[in-house]
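User: I am new to this structure. Please take a close look at a single part of it, and connect that part to what lies around it.

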Amino acid sequence: MAKRKQLKTDICWSTEDKITIKGLDLCQDIMGKVSLGDMAFLEMMDRLPNERESRVFNALAVILVEHGMTPSAIVTRMTLAGAPEAMQAAVAARLSGLGSVFVGSMENAARLLQDAIPDPSSPGDIQALADRIVDDHAARKRTLPGIGHHIHKPQDPRAPRLFEIAAENGYDGPYIALMKAVADTATAKLGRNLPVNATGAIAAVASELSIPWKIVRGIGVMSRAIGLVAHVLEELREPMAREIKALVEEEATAHLR
């Protein structure tokens with residue numbers, strides 16, 4: 001009979017008078033000293049960030065906290081209308097839908113970049129990589145993640161600002177160069193304006209920070225959860241979910257009357 005693998009975690013352990021997280025004492029080393037963004041970096045990267053990493057990661061973390069009445073905000077408000085006693089369900093309902101179209105596209109973009117450049121110290125020909133990526137997606141009729149935006153035109157203002165912050169802190173590397181090249185190449189080859197959007201910029205900068213693509217979506221989950229709590233509070237104070245429901249029902253069934 002095979003020996004059972006021992007259960008093991010290095011994240012956190014507790015005693016009667018102490019909580020240790022990633023080797024740091026919660027009460028003495030973290031509380032009052034470590035920001036929420038830096039705490040997230042610690043959990044994801046097994047260490048606290050240095051000053052430059054902190055500035056860049058915290059910039060990443062705040063980008064997707066809020067973006068108005070997005071599908072995520074609407075779903076949260078509608079869920080709250082049905083279960084006002086469970087605000088956590090309202091937030092969770094939308095977090096479950098952070099996929100390839102909204103917010104979660106940063107994961108696909110990060111994977112694209114990290115698969116194309118497995119070793120950032122030897123990135124190869126960036127333009128050749130961009131051509132291959134764009135041509136491959138076009139041939140398979142697949143949407144390129146991380147470029148274009150249905151609202152922000154001619155560019156998503158969040159992307160150049162994030163790239164600027166990354167460059168100011170020494171993180172203007174091959175992943176950012178490739179993301180920009182993919183956007184420029186797609187714009188030229190596909191005949192429409194497709195600049196880097198917020199999720200593409202996050203994917204590129206997260207890759208520069210050596211964050212594995214498999215957990216990049218977690219940045220969006222973490223960030224959007226904060227914003228959704230604000231929508232819960234506003235919905236409790238100034239409800240609109242029932243009005244949204246009535247408006248949609250009236251318009252969607254008008255042709256039947």
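Analyst: What follows starts with the whole chain, then goes to one helix pair and what surrounds it. This is a predicted model: local features need pLDDT of at least 70, side-chain atom pairs count only at pLDDT 80 or more, and totals for chains, interfaces and linings use all residues. Residues are numbered from 1 along each chain as its sequence is written, and side-chain values use heavy atoms, with hydrogens and water left out.

First, the setting. The protein has twelve helices and three strands. Both are DSSP runs numbered from the N terminus: helices are H or I with at least four residues, strands are E with at least two. The C-alpha trace spans about 65 × 60 × 50 Å along its principal axes. Of the 257 residues, 44% count as buried. Buried means under 20% relative accessible area, exposed means over 50%, and partly exposed is in between (1.4 Å probe, protein chains only). Contact means heavy atoms within 4.5 Å. Of the contacts with a separation of 6 or more, 70% join residues 24 or more positions apart.

Now the helix pair. Helix α2 covers residues 36–45, and helix α3 covers residues 51–63. They pack at an angle of about 100 degrees, and their axes are 9 Å apart. That makes α2 roughly perpendicular to α3. Axes are lines fitted to C-alpha atoms, for helices over the stretch in contact, and angles between N-to-C directions run from 0 to 180 degrees. Under 35 degrees is roughly parallel, over 145 roughly antiparallel, 65 to 115 roughly perpendicular, and the rest oblique.

Which residues meet here? From α2 come Gly-37, Asp-38, Ala-40, Phe-41 and Met-44. From α3 come Glu-53, Ser-54, Phe-57 and Asn-58. By class, this contact has four nonpolar, three polar and two charged residues. Ala, Val, Leu, Ile, Met, Phe, Trp, Tyr, Cys and Pro count as nonpolar; Asp, Glu, Lys and Arg as charged; the others, Gly among them, as polar.

A search of the whole structure finds one aromatic pair. Phe-41 and Phe-57 form that pair, edge-to-face, at 5.5 Å centre to centre with 85 degrees between the planes. Phe-41 sits in α2 and Phe-57 in α3, 16 residues apart. Rings of Phe, Tyr and Trp (its six-membered ring) pair if their centres lie within 6.5 Å; planes under 30 degrees apart are stacked, over 60 edge-to-face, and the rest tilted.

Phe-41 has 0% relative accessibility, so it counts as buried. Phe-57, at 1%, counts as buried too. Beyond its neighbours within four places in sequence, Phe-41 is in contact with Asp-46, Arg-47, Leu-48, Pro-49, Glu-53 and Phe-57. Met-87 is 46 residues from Phe-41 in sequence, and their C-alpha atoms are 26 Å apart.

Leu-60 and Leu-178 touch the most other members of the largest nonpolar core, which has 53 residues. Such a core is a set of buried Ala, Val, Leu, Ile, Met, Phe, Trp, Tyr and Cys residues joined through side-chain atoms within 4.5 Å. Among the elements that give two or more residues to this core are α2, α3 and α10. The largest share, eight residues, comes from α9. Leaving aside neighbours within four places in sequence, Leu-60 is in contact with Leu-162, Ile-202, Val-205, Ala-206, Leu-209, Ile-219 and Ser-223.

Ile-202, Val-205 and Ala-206 are among the buried residues of α10. Eleven of the eleven residues of α10 (residues 198–208) are buried, so this helix is largely enclosed by the rest of the structure. They pack against α3, α6 (105–116), α8 (158–168), α9 (174–190) and α11 (213–237).

What comes just after α10? Ser-210 takes a positive phi of about 65 degrees there. Most residues other than glycine have a negative phi. Ser-210 lies in the loop between α10 and α11. With a relative accessible area of 55%, Ser-210 is exposed.

The next helix, α11, holds Trp-213. Trp-213 is buried, with a relative accessible area of 17%. The C-alpha atoms of Trp-213 and Leu-112 are separated by 8.8 Å, though the two are 101 residues apart along the chain.
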